[in-house]
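Welcome! Please take a moment to turn the model around before reading on.

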Amino acid sequence: MTDVILPCLNEAAALPWVLSRIPPGCTAIVADNGSTDDSAAVARDHGAVVVPVPRRGFGAAAHAGLCAATAEIVCFADADGSCDPAQLPDLLAPLLDHTADLVLGRRVPTDRTAWPTHARYANALLARRLRRRYRVPVRDLGPMRAGWRRPLLSLGLTDRRFGYPLEMVLRAAHAGWQLREIDVDYRPRAAGTRSKVTGTLLGSARAVRDMSRIMRALPAGGVQ
C-alpha cells in the first residue's frame with residue numbers, strides 16, 4: 001500500500017480530477033492548509049483522507065501529511081492538477097526494485113503555459129547550485145516524489161515553508177541515499193486554481209528565499 005500526500009490550499013476545482021487519477025492500491029491524504037473554499041468537503045466526497053493543517057506553509061502541509069501517513073511508501077504531488085497522480089507507479093518502481101531511496105519527478109511541460117519562464121529559470125538556477133555546490137545530481141525540484149515513510153521521517157525535516165522539498169533532497173543526499181529522477185508530465189493547472197509558487201513572481205521569489213535559507217544552513221561540505 002502507498003499513501004499519496006496532496007498539500008492543498010483552495011484546490012476544490014482541481015481535486016475531482018486529481019483524486020480520480022490516484023492509482024489503485026493508493027490512499028489519498030489531502031493535507032488541507034486552511035482552505036476557504038470547499039476543498040475539504042470535495043476531498044472527502046472523493047474518498048480522500050483529510051488532514052486539517054492550520055499552520056500555513058507548504059512544508060507544514062506536506063509534513064503533516066507525512067506524519068498522518070501509515071503506508072510504508074509515501075508519494076507527494078501538488079493538488080492543483082499540474083501533476084498527474086496516474087504517473088506515480090513510474091516513481092514507485094525504483095523504490096520497489098531497490099535501485100533508489102528517493103525518486104523525484106522531473107517535470108516535462110505538456111504546454112508552454114504550464115511552467116512560466118520566471119519559475120523555470122528559478123528552478124534551473126537552484127538545481128544548478130545543487131549540482132555544483134553539493135554534487136546532488138538533480139535537474140528539478142518538482143513537487144512529485146516518492147520515498148519510504150520511516151526513513152523520510154528520520155531525516156528530521158524542519159522547514160515548514162517553500163524550502164521543505166529542497167531540505168528533503170539535501171538531507172537525503174547527506175544521509176547517503178540514492179536519488180533518481182523520472183520524467184513526468186507537467187500540465188497547466190486546473191481552471192480556478194493558482195500556484196502559490198510558480199503562479200506569481202512574488203511566489204517564486206519567496207520560494208527562492210526559503211530555499212536559499214536551507215542552503216545556507218547546510219554547508220557544501222555537509223553533503224557527500
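Predicted model: local features only at pLDDT ≥ 70, side-chain atom pairs only at ≥ 80, totals over all residues.

Residues are numbered from 1 along each chain as its sequence is written, and side-chain values use heavy atoms, with hydrogens and water left out.

Let us start on the inside. In soluble globular proteins, nonpolar side chains tend to be buried together. A nonpolar core here is a set of buried Ala, Val, Leu, Ile, Met, Phe, Trp, Tyr and Cys residues joined through side-chain atoms within 4.5 Å; buried means under 20% relative accessible area, exposed over 50%, and partly exposed in between (1.4 Å probe, protein chains only). The largest such core has 35 residues, and Leu130, Val136, Leu152 and Leu170 touch the most other members. Several elements supply at least two residues each, among them β2 (26–32), α3 (58–68) and α5. Helices (H or I, at least four residues) and strands (E, at least two) are DSSP runs, numbered from the N terminus. The top contributor to this core is α7, with seven residues. There is also a second, separate core of 32 residues, which includes Ala48, Ala77, Leu88 and Ile182.

Next, look for the second largest pocket. A pocket is an open set of points on a 1 Å grid over the protein atoms alone, where a 1.4 Å probe fits, with protein on both sides within 12 Å along at least five of seven lines; lining residues have an atom within 4 Å of a point. Its lining includes Arg106, Trp115, Arg131 and Asp140. Which element gives the most to this lining? That is α5, with five residues. By class, the lining has four nonpolar, one polar and six charged residues; Ala, Val, Leu, Ile, Met, Phe, Trp, Tyr, Cys and Pro count as nonpolar, Asp, Glu, Lys and Arg as charged, and the others, Gly among them, as polar.

Most residues other than glycine have a negative phi. His98, however, has a positive phi of about 60°, and Arg135 has one of about 55°. His98 sits in the loop between α4 (88–96) and β5, and Arg135 in the loop between α5 and β6 (145–148). Both are exposed, His98 at 66% relative accessible area and Arg135 at 72%.

Finally, how many disulfides are there? With a disulfide taken as a pair of cysteine sulfur atoms within 2.5 Å, the count is zero. Cys8 is buried at 2% relative accessible area, and Cys83 is buried at 2% as well.
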